[in-house]
Every structure is written in structure tokens, then in C-alpha cells.
Amino acid sequence: MEDHAVWTVEESRAHDKTAQEMGVNLLSLMETAGARAAYYLLPELKGPGLIIAGKGHNGGDALVMARHVARYRDVQLLLPLGVPKFPGAEELLKVLQNYGAKIVAQDHMERAWNQVSWIVDGLFGTGFHGTVEDGFITQLWKRLSQTENVVYALDILSGIDANSGSYMLEPVYAHKTLTFGAAKWGHFGYPGSRFSGQLVILDIGLPDLGPSSGQWIDPSWAKAHIPPRDFYAHKYRRGRVAVIGGSASMPGAPVLAGLAALKTGAGLVELFVPSGIVHRVQAPTPLLVRGVGEGGNLVLRGEDIEALKRADVVIIGPGLGTGVSPALLETVITLGKPLVIDADALALLKEIAAGPLPEGTVLTPHSGEMARLLGITSDAVDAFRYQSVKQAVDRYRVCVVLKGPYSLVASERIFVNTANTPALATAGSGDVLSGVIAALLAGRYPKDVTEMTAFATYLHGWAGIHAERDQGPSVIATDIIAALGQAWNSIVCEEHPPMLPEHF
Ligand SMILES: NC(=O)C1=CN([C@@H]2O[C@H](COP(=O)(O)OP(=O)(O)OC[C@H]3O[C@@H](n4cnc5c(N)ncnc54)[C@H](O)[C@@H]3O)[C@@H](O)[C@H]2O)[C@@H](O)CC1
Ligand SMILES: Nc1ncnc2c1ncn2[C@@H]1O[C@H](COP(=O)(O)OP(=O)(O)O)[C@@H](O)[C@H]1O
Ligand SMILES: [K+]
């Protein structure tokens, strides 16, 4: 059974259906889910509480949970949509009352509310879709958004679409989400991830259906994917990275990408920047710097192309600026080298004829760049991150990283980066990521490009976490580069990043 899977709603249903076909009836699936949630939570449930149950199977899990918790705590049950519809629900309701749980009438909700110290949301789970029209539910969620009680969500906070993470109700911040079988894409989408709190994955004995649509990165997975190093390596064999970028207004971006590549382990890094800015990038660093074209005009000559051919991976984009001809990208593509296409080079990609990109290429858009690539708005990208990254993979047939909190790294399968900190939201942080990715891809050992890129986002995330530990809120991109060494150590030690999903 895959340990760190992420499921779509359809995958979740397929597991449910297969379990039933194999002879596990629906009530016993709910029994396992509700009981596991109850016994996981009981140690932290202080005093009396309220459990909200909907009409579907998420509500069924809540009814089972209510019965188990009622053995130890005062439990009130609210059924805002009436008695659940599935066969056996009436019996579950009877039994939980025999165990001492009380059903609250809707007009007594306010009184119940004032008597409890925790609330469990079992209103909607993966079956939620569309918008909420029911006035009582809207009111209830408004009340919930103002509560000081601890809120727990069963499977997924009600109102979050489990495939996308879009959210349809008043903001409610769950302390924890107890999800069944595996995480869902909605737990990592926007704004769903904001409201989900700590994600706890409870194994409920569902059958193994093979590889899922994706996985979240776990420390043990990362440790197992640390790239090997040859004791006898020399700088030419550890991987050569070329960076094409820089402009009068952004001379630092290629330097950040280059230094990050060196710190990640590339043996040699050469920057290809406009001749007019060479004097501004020749800081005392081990980077090679080559002036290209006349003045600010970045045009590759024959000797530049020969030099580029020596690279294992070429980064194109950091600080490139606008006004560069798409022919530059076309020329670089014809080299056939694995590329990391970042920043302004992503805009050029939209303008060139869509031929196949070289094998091993990675695109690294943030939401705005992804929006331009797909011809949609960045709000639409944010609301459908899983779907957007899949669409970009379908169109460009290479690995695509959709950056931001919980970056998605996609090809046939999608990885979720779990090492996150807002300290990474600083100018140049994306340039650092492109350097980290390129260095890991340049190493001359057998590797899977998507896995290595996923590893790169995790390493970059850890560097941000360490930079923040050292610098508090004062992190800038060079601090992220400086913290890469500590980031490697965290991976070796299988340290857990903040808000890593837990599973039981
Ligand atoms: N995947 C699995 O294998 C298992 C899933 N289980 C639970 O089953 C849940 C899914 O159950 P269901 O498919 O019954 O779905 P839900 O319980 O999530 O909700 C379905 C109900 O909500 C209503 N609904 C949906 N959108 C609405 C909207 N916008 N406004 C008003 N009402 C709306 C539907 O009409 C239906 O009555 C999971 O989240 C999980 O909690 C567990 O019981 C155990 C096993
Ligand atoms: N709040 C956040 N949590 C986690 N990672 C973040 C957050 N904000 C930004 N990042 C990461 O920081 C990097 C920012 O990249 P980008 O937006 O391209 O920056 P720039 O263009 O300034 O270099 C990406 O890797 C992104 O995933
Ligand atoms: K729920």
C-alpha cells in the first residue's frame, strides 16, 4: 500500500467501491473511519463537544465517531440537513443515543454552542461539489468561523472541493483534518490548504489499487532519493550548468541561480549574460561569466553555442527581462540539452512554434507565469492547481513545477512539496530554485527527472526553513543559498518540516 499517496475524488471512490466489491460492507468502512477518528482524537478532546453530521457517508463517519466518543465525553449531535440517507443510518442514530449522545434541535443550536469546547465537522466530505445554497448551512458556517472552540474536520473541511481545494463557505480554520485512506488534492490546493490545519491520515484498511495520481514528499522518501556522489568525482563529472539570463535591471538573477547550482553540487557553472552587464556580475565567486552579444542584446554567437554544448543542463530565464527575441529560446532548444525554463523565458515559450522540448526539460512557472502559458487568469490557476499543472504537462510533455506553497511537480504523476515557509516568498527565491533543480539534473547518474525535481523543491523548501530559523523574518535569496548545506543535513536526518502530514 502506498504510504504517501494523494487521491482525486474518483480515486477515493474507486477505493471505496473496490473494498465493497471485495466484501467489506459500507457500514463497516464507516465504522472503521469513525472509530479511528474517535480514538485518535479522544486524548485531545477536553470537555463536552458538538459533532455536525451531514446526509452522506461523511455524516456516517461522524455518527460512528459520536457513538465512540460518547463513552468518554458529553457529545451533542447536530443534523443540519436532517437524518442521513444511506441504509443503516437510522440504526446508527439509535445506537449513538443509547450510548448517551444527544441530538440537538436546530433552534437549540445556540445553547448547545455555548456549552461545548470542541466541534467536529462531518457535514460534507469528498462528495461536496458546487456552491452552498442552504441558508442554515451558510449561517452555521458563519457561526463556526467566529468560534473560539477547536474545530476538527472529518476527511476534508466541508465546503472544500476535494479535487481542487477551492472553498465555498465562510473561512473556518480547522485545527486538524482527519482524512481517510490518503490525502486528497484539495488538502494541498488553494485556499483549502489554508483551512485544513494539520493533516492526519488514518489508515482504514482500504485495498491497494496501485500507483495513485500523486504523492506528498515524506522525509523518508527524500532521504532515499539523495543523489549518489562518486568519491573519485572531479568538477567536470559532477555536472556542468549554464545559466542564460540577466539584463540591465536584473543582473543579480543569473548569479543567484548560478550560486545555488554550485551550492547544490554542480561542479562548474557558467553564466551567459549580455556583454553590457558583465562588469556588474563579476563578484568574487567561483562562477564563470561570459558576455554575450552587443551591449544589452543577448544574442548567441557560434562560440557561445559551442560553450553551451559543454553544459549538462541549461537554465534559461533568470533576469532575462522582456524584449528578448523568442529566437534565443529556439536556438537553445535546438541544442537538445535538458533545459530549466524559468521566469521570462516562459513568456518566450508561449511565442514559439510548439515543437517537442528536449528530453529532461523542466518548466518552473509560478501562478502568473502558468496563467500566461495556459491563456487563463492566475485566479483560475490558483483555484485549480492540480488541474492546471496537468494541463501544462499535457501541452508541453515535460516536467512542470507549479510554484507556491505546496509546489506541485508533475509529469505522469504529481509530487507535492511538503517543505514550506513564507520566508521563501522573497525576490530571487525562484532563481535559487532553478539553480537547485539544474544542479541535481546535471549530476551524471541515472535518475528520474520528475523525482529529482521534486527532491529539488523539497531541498529548496528546507533551505528556506533554515534561513528563517537563522534570520527570522529577514530572509533574502542569498540566505536561502547559504542555508542549502543545513537543508541537506535535514534530509539526511529525516527531519520533519513544519505541517508535514502525519499518518496513523
Ligand atoms: N473513500 C472511502 O473509501 C471512504 C469514504 N468515507 C467517507 O465518505 C465520504 C464521501 O461520502 P459521500 O460520497 O456520501 O459524500 P459526502 O458525505 O461528502 O456528501 C454527500 C452529500 O452532500 C450533498 N452535497 C454535495 N454538495 C453539496 C452542496 N454544494 N450543497 C448541499 N449539499 C451538497 C450531496 O447531495 C450528498 O447528500 C468521504 O468524505 C468520507 O468521509 C468513509 O465512510 C469510509 C470510506
Ligand atoms: N508562502 C510560501 N510557502 C512556500 N513556498 C513559497 C511561498 N512563497 C513562495 N514560495 C516558493 O518560493 C519560490 C518563489 O519563486 P518565484 O515566485 O519565481 O520568485 P522570484 O521570481 O522572485 O525568483 C518558489 O519556489 C515558491 O514555491
Ligand atoms: K467534513
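In this predicted model, a nitrogen atom of ligand 2 lies 3.3 Å from a polar backbone atom of Thr421. Two further polar approaches involve oxygen atoms of ligand 2. A backbone N or O atom of Gly404 is placed 2.8 Å from one such oxygen atom, and Ser429 brings a polar side-chain atom to 3.0 Å from an oxygen atom of the ligand. On its own, ligand 2 exposes 570 Å², of which the protein buries 78%.

The surroundings of ligand 2 consist of 18 residues. The closest of these are Lys403, Gly404, Gly428, Ser429 and Gly430. Helix H17, which spans residues 429-442, provides the largest share of the shell, namely 4 residues. The space that ligand 2 takes up is the largest pocket.

Ligand 1, by comparison, sits in the second largest pocket. It is surrounded by 20 residues, and the closest are Asn58, Asp61, Gly125, His129 and Asp155. At least two shell residues are supplied by each of three helices: H1 (9-21), H2 (26-41) and H3 (57-70). The largest share, 3 residues, comes from H3.

Polar atoms of the protein also approach the oxygen atoms of ligand 1. The side chain of Asp155 has a polar atom 2.5 Å from an oxygen atom of ligand 1, and an N or O atom in the side chain of Asp61 is 2.6 Å from an oxygen atom of the ligand. In the case of Gly127, a backbone N or O atom lies 2.9 Å from an oxygen atom of ligand 1.

Individual residues were then considered. Ser166 is located in the loop that runs between strand S6 (150-154) and strand S7 (176-180). Its relative accessibility is 14%, and the residue therefore counts as buried, since the cut-off for burial is under 20%. The side chain of Ser166 forms a polar contact of 3.1 Å with the side chain of Ser164. When residues up to four places away in sequence are set aside, Ser166 touches Gly159, Ile160, Asp161, Tyr190, Pro191 and Ala383.

Another serine, Ser367, belongs to helix H14, which covers residues 367-374. Ser367 is likewise buried, with a relative accessible area of 14%. Beyond residues up to four places away in sequence, Ser367 touches Ser378, Val381, Asp382, Arg385 and Leu402.

Ala112 lies in helix H5, formed by residues 109-115. Because its relative accessible area is 4%, Ala112 is classed as buried. Apart from neighbours within four places in sequence, Ala112 is in contact with Gln76 and Val104. Ala112 and Pro48 are separated by 64 residues in sequence, while their C-alpha atoms are 9.8 Å apart in space.

How values were computed:
Residues are numbered from 1 along each chain as its sequence is written. Chains are lettered from A and ligands numbered from 1 in the order in which they are written. This is a predicted model: local features need pLDDT of at least 70, side-chain atom pairs count only at pLDDT 80 or more; totals for chains, interfaces and linings use all residues. Side-chain values use heavy atoms; hydrogens and water are left out. Buried means under 20% relative accessible area, exposed over 50%, partly exposed in between (1.4 Å probe, protein chains only). Contact means heavy atoms within 4.5 Å. A residue is near a molecule or strand if one of its heavy atoms lies within 4 Å of it. A polar contact is a pair of N or O atoms within 3.5 Å; within protein, one must be able to donate a hydrogen and the other to accept it, and residues adjacent in sequence count only if both atoms are side-chain atoms. On a 1 Å grid over the protein atoms alone, a cavity is a set of points where a 1.4 Å probe fits but cannot get out, and a pocket is an open set with protein on both sides within 12 Å along at least five of seven lines; lining residues have an atom within 4 Å of a point. A molecule sits in a cavity or pocket if more than half of its atoms lie within 2 Å of its grid points. Accessible areas come from the Shrake-Rupley method with a 1.4 Å probe; for residues, only the protein chains shown count as cover.
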